[in-house]
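Subject: Structure handover

Hello,

Please find the structure below. My notes on it follow.

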Amino acid sequence: MFPRPSDLTYPVRYVPQAGIVVDGRADEPDWALAHVEHRFAFPWKQAAAPRTEFRALCDAAFLYFTFRVHDEDIVLLDALRDKQDVVLEDRVEMFFSLDDRMTEYFALEVDPLGRTYDYRASYYRKLDPTWSWPGLETCGTLQEQGYEVEGRLPLASFETLGFPPLQPGLKIRCGLYRAEFSHDRSGRPPVREDSIHTQGRRGAGPPPIEEWISWVDPGTPEPDFHVPSSLGWLEIVDR
């Protein structure tokens, strides 16, 4: 049995009307109002993780989010066969759970270009990739030493999925994660093993080196985000 979810909380600042355009560049003045979360680490590796920043804002219509990622070796496919191919790339991830046990949760995995693999799921790893988040918008931009992802989710969609109305004072369970892939340049013959993380999918060329970064340490012996102990809280606050 894994530990309970964490009490680590990210405060989502509520603003009456956020002037944000989802273009993969979180440079609008309103983003300066958001709390910057950078407590991301390698739970399964004794090393300092490359910097990851997360910010979020909420207004009367949308929950906005952005990740700014330092990455000097981005693994990115030229084209996707379908949205599930995102699992073969560098990406950032968010899970939203209706309860502490992941009885039902909703996931976004967004690559550096803003291409998104979204799905609904239930514990343990019962994924429905045919599902799509209603009204989701995402965009990503490559930068000199990494990438930035920006997106927004309609508040009405949360209520449709069974969450209470997102307003100041509300807390919902959320996980924040990063898949930190790199190219294998060792020259060794590639070892092709099916991975639960890539759901058995394989791309062209040698498989990437997989490392995993999380906001909350799940406390599992092997890398795994799909457990309740990987969750913290998002809390809507008005200041």
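A residue counts as buried under 20% relative accessible area, as exposed over 50%, and as partly exposed in between. Tyr-124, at 36% relative accessibility, is therefore partly exposed. Please keep in mind that this is a predicted model.

Surface patch

Tyr-124 sits in the loop between β6 (116-122) and β7 (126-128). Together with Tyr-123 and Ile-196, Tyr-124 makes up a nonpolar patch on the surface. The accessible area of these three residues together is about 280 Å².

Strand pairing

Which strands pair with β1? Strand β1 (residues 9-14) pairs with strand β12 (residues 232-237) in the parallel sense, over five bridges. Within that pairing, Tyr-10 has Leu-234 of β12 as its bridge partner. Strand β1 is also joined to strand β2 (residues 52-58), again in parallel, by two bridges. There, Arg-13 has Leu-57 of β2 as its bridge partner.

Cavities

The count of cavities of 30 Å³ or more comes to two. The largest cavity holds about 130 Å³ of space. It is lined by 17 residues, and those closest to its centre are Arg-91, Glu-93, Arg-125, His-197 and His-226. Strand β4 (residues 91-97) gives the largest share of this lining, with three residues.

Salt bridges

How many salt bridges does the structure hold? There are 18.

Arg-4 and Asp-100 form one of them, with their closest N and O atoms 3.2 Å apart. Asp-100 is partly exposed, at 24% relative accessibility.

Glu-89 and Arg-115 are another such pair, with side chains that meet at 2.8 Å, N to O. Glu-89 is in the loop between β3 (62-70) and β4, and Arg-115 is in the loop between β5 and β6; the pair links distant parts of the chain, 26 residues apart. Is Glu-89 buried or exposed? Glu-89 has a relative accessible area of 0%, so it counts as buried.

The side chains of Arg-120 and Glu-104 also meet in a salt bridge, at 2.3 Å from N to O. Arg-120 is in strand β6 and Glu-104 is in the loop between β4 and β5, so the pair ties together parts that are 16 residues apart in sequence. Arg-120 is partly exposed, at 26% relative accessibility. Glu-104 is partly exposed too, with a relative accessible area of 26%.

Salt bridges with shared partners also make a network, in which Arg-4, Asp-100 and Arg-173 are joined.

Regards

Conventions. Residues numbered from 1 in each chain as written. Predicted model: local features only at pLDDT ≥ 70, side-chain atom pairs only at ≥ 80, totals over all residues. Heavy atoms only, no water. Patch = residues over 30% accessible without salt bridge, like charges linked within 9 Å, V, L, I, M, F, W, Y side chains within 5 Å. Areas by Shrake-Rupley, 256 points an atom, 1.4 Å probe, with all protein chains shown as cover. Salt bridge = Lys/Arg side-chain N within 4 Å of Asp/Glu carboxyl O. Helix = DSSP H or I, 4+ residues; strand = E, 2+ residues; numbered from the N terminus. Buried < 20%, exposed > 50% of the residue type's maximum accessible area, 1.4 Å probe, protein only. Pairing = 2+ DSSP bridges. 1 Å grid on protein atoms, 1.4 Å probe; cavity = no way out; pocket = protein on both sides within 12 Å on 5 of 7 lines; lining within 4 Å. Points joined across faces, edges and corners; volume = space filled by probe spheres on them.
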